[in-house]
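Visitor: Please put the model up. I would like to go through it residue by residue and strand by strand.

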Amino acid sequence: MLNILIKTVTVKVFGQLADNTRLAEWQMQATDTDDLQAQIGKLYPVLQSKNYLIAVNEFIVTENTTLEENDLVALLPPFSGG
């Protein structure tokens with residue numbers, strides 16, 4: 001039997017993403033970053049068309065990452081250096 005544990009994580013959003021969600025931070029439950037993105041896309045459809053990076057505990061992730069209880073997930077809008 002497959003036992004998938006859903007974890008409660010804190011999601012923080014920045015810049016234009018926070019403008020779109022009207023929240024800077026919230027908690028939600030997810031198993032991994034793909035699950036989290038799917039749920040966020042349902043809650044905030046406008047984010048489905050936005051480009052952003054995902055960081056888990058201050059490390060940018062580029063592929064699906066398993067989440068642990070109390071992880072901090074940040075949604076980072078595009079940025080450029082100067």
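Visitor: Leaving aside its neighbours within four places in sequence, which residues is Thr21 in contact with?
Guide: This is a predicted model, in which local features need pLDDT of at least 70, side-chain atom pairs count only at pLDDT 80 or more, and totals for chains, interfaces and linings use all residues. Residues are numbered from 1 along each chain as its sequence is written, and side-chain values use heavy atoms, with hydrogens and water left out. Contact means heavy atoms within 4.5 Å. With neighbours within four places set aside, Thr21 is in contact with Val13, Trp26, Tyr44 and Leu47.

Visitor: Is Thr21 buried or exposed?
Guide: Thr21 belongs to helix α1, residues 15-21; helices (H or I, at least four residues) and strands (E, at least two) are DSSP runs, numbered from the N terminus. Buried means under 20% relative accessible area, exposed over 50%, and partly exposed in between, with a 1.4 Å probe and protein chains only. The relative accessible area of Thr21 is 6%, so Thr21 is buried.

Visitor: Is Arg22 buried or exposed?
Guide: Arg22 lies in the loop between α1 and β2, and has a positive phi of about 65 degrees although it is not a glycine. Its relative accessible area is 74%, so Arg22 is exposed.

Visitor: What distance separates the C-alpha atoms of Arg22 and Asp35?
Guide: Along the chain, Arg22 and Asp35 are 13 residues apart.

Visitor: In what order do the five strands of the open sheet stand?
Guide: Strands of a sheet pair through backbone hydrogen bonds, either parallel or antiparallel. Two strands count as paired if DSSP finds at least two bridges between them. The pairing here is mixed, and the order is β2-β1-β5-β3-β4.

Visitor: Which strands stand at the edges?
Guide: An edge strand here has a single partner, so one side of it is left without a neighbour in the sheet. The two in question are β2 (25-30) and β4 (59-61).

Visitor: By how many degrees are neighbouring strands of this sheet turned against each other on average?
Guide: Axes are lines fitted to C-alpha atoms, for helices over the stretch in contact, and angles run from 0 to 180 degrees between N-to-C directions. For this average, direction is ignored.

Visitor: At about what angle does helix α2 run to β2?
Guide: Helix α2 (residues 33-43) lies across β1 (7-13), β2, β3, β4 and β5. Its angle to β2 is about 125 degrees.

Visitor: How many residues of β1 are buried?
Guide: β1 pairs with β2 in the antiparallel sense over six bridges, and with β5 in the parallel sense over four bridges. Thr8 stands opposite Gln29 in β2, while Val11 has Val73 in β5 as its bridge partner. β1 is largely enclosed by the rest of the structure, because the buried residues number six of the seven.

Visitor: Which side chain meets that of Glu25 in a salt bridge?
Guide: A salt bridge is a side-chain nitrogen of Lys or Arg within 4 Å of a carboxyl oxygen of Asp or Glu, and by this rule the count comes to one. Glu25 lies in strand β2 and its partner in strand β1, so the pair ties together parts that are 13 residues apart in sequence. Glu25 is partly exposed at 44% relative accessibility. At 3.6 Å, N to O, the side chain that Glu25 meets is that of Lys12.

Visitor: Over how many bridges do β3 and β5 pair?
Guide: Ile54 stands opposite Leu75 in β5, and Leu53 opposite Leu76. The pairing of β3 (residues 53-56) with β5 (residues 72-76) is antiparallel, and the count of bridges is four.

Visitor: Which residue takes a positive phi in the hairpin of β3 and β4?
Guide: Three bridges join the antiparallel strands β3 and β4, and Val56 has Phe59 in β4 as its bridge partner. The hairpin has two residues between the strands, and the one with a positive phi near 50 degrees is Asn57.

Visitor: Which residues make the nonpolar surface patch of about 310 Å²?
Guide: Patches are made of residues with over 30% relative accessible area and no salt bridge, where like charges are joined within 9 Å and nonpolar side chains (Val, Leu, Ile, Met, Phe, Trp, Tyr) within 5 Å. Accessible areas come from the Shrake-Rupley method with a 1.4 Å probe; for residues, only the protein chains shown count as cover. One of the members lies in strand β4 and is partly exposed, at 48%. The patch is made by Leu53, Phe79 and Ile60.
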